[in-house]
Amino acid sequence: MTTESFRRTPAELGLPDAPVEARPADPAVHHVRAKLDREIRALLAHEPGTRSGVDPEDLHQMRVALRRMRSVLKLSGELVGDGAEPVRAELGWLGQSLGEVRDYDVLIGHLREVIAGFEVRDQAAGRRLVSKFVTERASAKRRLTRALSSARYSTLLREVSLLTRDGAAAAAATGKPHDLIAGLAKPHRKLTKAVRALPADPPDDDLHALRIHGKKLRYAAELAQTSAKKKQTAKIKQLLKATKDFQTVLGEHQDAVIAAERIRTVLESADGPMGFVAGRIAERELSRRAEVRAVWRKSWKAVDSAAKALHA
């Protein structure tokens with residue numbers, strides 16, 4: 001079967017021809033539905049490219065759409081009914097498969113750039129080093145393809161599409177209004193608490209967890225943006241910029257940590273030339289890690305200021 005034979009349309013999932021739209025004055029549930037509708041369409045649009053593997057950006061964007069849906073359901077899932085949490089868990093299952101391949105894409109792309117800057121005499125050993133990760137990526141890609149071809153995945157798509165339907169009854173059942181702008185205070189508090197709990201030299205895993213907190217705040221701000229009043233729009237945009245920058249900085253740290261760890265796994269079995277190149281790369285990644293550690297708190301302060309300005 002070709003990749004095209006797996007192409008799914010929004011109509012097959014019962015979605016309307018046009019994306020769901022929400023105006024600033026609409027109830028929060030409409031904004032949640034509209035966000036889920038946009039992201040499930042984005043996921044479907046990038047699925048064929050993810051299957052083919054021609055452009056790694058398709059897999060990246062499919063994963064981003066999935067993460068945004070998970071974030072929306074975590075923050076405001078009660079507005080669309082009791083099915084939100086089971087769907088969020090299933091999105092997590094799919095995210096693991098997408099994430100495994102994406103991590104290899106980032107690693108391989110980065111290593112190729114680094115090795116291209118080495119002396120010509122070291123590049124052959126560098127390419128052999130990269131080929132090991134290319135082989136591992138192929139195995140991860142096969143697992144992802146099986147997941148995308150499974151009945152479990154098809155069921156997940158249908159369940160997400162159901163959550164985009166009319167959720168007015170579910171919203172009324174909560175018995176309380178839901179303000180998406182005010183709701184940003186919760187992920188901001190969690191991020192603030194996580195930052196304050198860190199020691200001067202945080203463990204790598206703690207900084208990775210911090211990045212996840214920042215990403216949740218960013219996705220919550222994206223959702224809230226569609227409900228923002230005119231006077232709030234500029235402040236929301238500033239928060240989005242700050243959280244994106246924060247995510248980028250800590251993403252660099254995590255990429256360096258992963259690269260160094262993966263290179264260490266190769267060192268034990270590497271021959272002389274490959275071991276030499278691997279050592280150079282590991283040293284480079286540890287330096288990149290150190291550079292990020294020296295500046296990440298500055299990007300955090302920008303996020304904190306933007307979030308406080310929004311609620312001032």
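**Entry 1: Arg-289**

I opened with Arg-289, which lies in helix H10. A reminder to myself before going on: this is a predicted model. How exposed is Arg-289? I get a relative accessible area of 24%, so Arg-289 is partly exposed. Leaving out residues up to four places away in sequence, I listed what Arg-289 touches: Asp-204, His-253, Ala-256 and Val-257.

**Entry 2: Arg-288, next on my list**

Which residue does Arg-288 pair with in a salt bridge? I found Glu-252, with the closest N and O atoms 3.0 Å apart. The pair links distant parts of the chain, since Arg-288 sits in helix H10 and Glu-252 in helix H9, 36 residues apart. Buried or exposed, I asked of Arg-288? Its relative accessibility is 13%, and buried means under 20%, so Arg-288 counts as buried. Glu-252, at 34%, counts as partly exposed.

**Entry 3: the salt-bridge network**

Here I followed salt bridges that share partners, and they join Lys-35, Glu-39, Arg-68, Arg-218 and Glu-222 into one network. I looked up Lys-35 in more detail. Lys-35 has its place in helix H1, residues 28-52. With 6% relative accessibility, Lys-35 counts as buried. Its contacts, not counting residues up to four places away in sequence, are Arg-68, Val-72, Glu-222 and Leu-223.

How many salt bridges does a search of the whole structure find? My search gave 22. I wrote down two further pairs.

- Arg-128 and Asp-271 form a salt bridge, with 2.9 Å between the closest N and O atoms. This pair links distant parts of the chain: Arg-128 is in helix H4 (residues 120-148), while Asp-271 is in the loop between helix H9 (230-267) and helix H10 (272-293), 143 residues apart. Arg-128 counts as partly exposed at 36% relative accessibility, and Asp-271 counts as partly exposed at 35%.
- Asp-26 and Arg-23 meet through their side chains in a salt bridge, 3.2 Å from N to O. Asp-26 counts as buried at 16% relative accessibility, whereas Arg-23 counts as exposed at 60%.

**Entry 4: the positive patch**

Helix H7 (residues 185-196) supplies the largest share of the patch, three residues. Arg-189 lies in that helix, H7. Its relative accessible area is 54%; exposed means over 50%, so Arg-189 is exposed.

With a relative accessible area of 46%, Lys-74 is partly exposed.

Conventions. Residues are numbered from 1 along each chain as its sequence is written. This is a predicted model: local features need pLDDT of at least 70, side-chain atom pairs count only at pLDDT 80 or more; totals for chains, interfaces and linings use all residues. Side-chain values use heavy atoms; hydrogens and water are left out. Helices (H or I, at least four residues) and strands (E, at least two) are DSSP runs, numbered from the N terminus. Buried means under 20% relative accessible area, exposed over 50%, partly exposed in between (1.4 Å probe, protein chains only). Contact means heavy atoms within 4.5 Å. A salt bridge is a side-chain nitrogen of Lys or Arg within 4 Å of a carboxyl oxygen of Asp or Glu.
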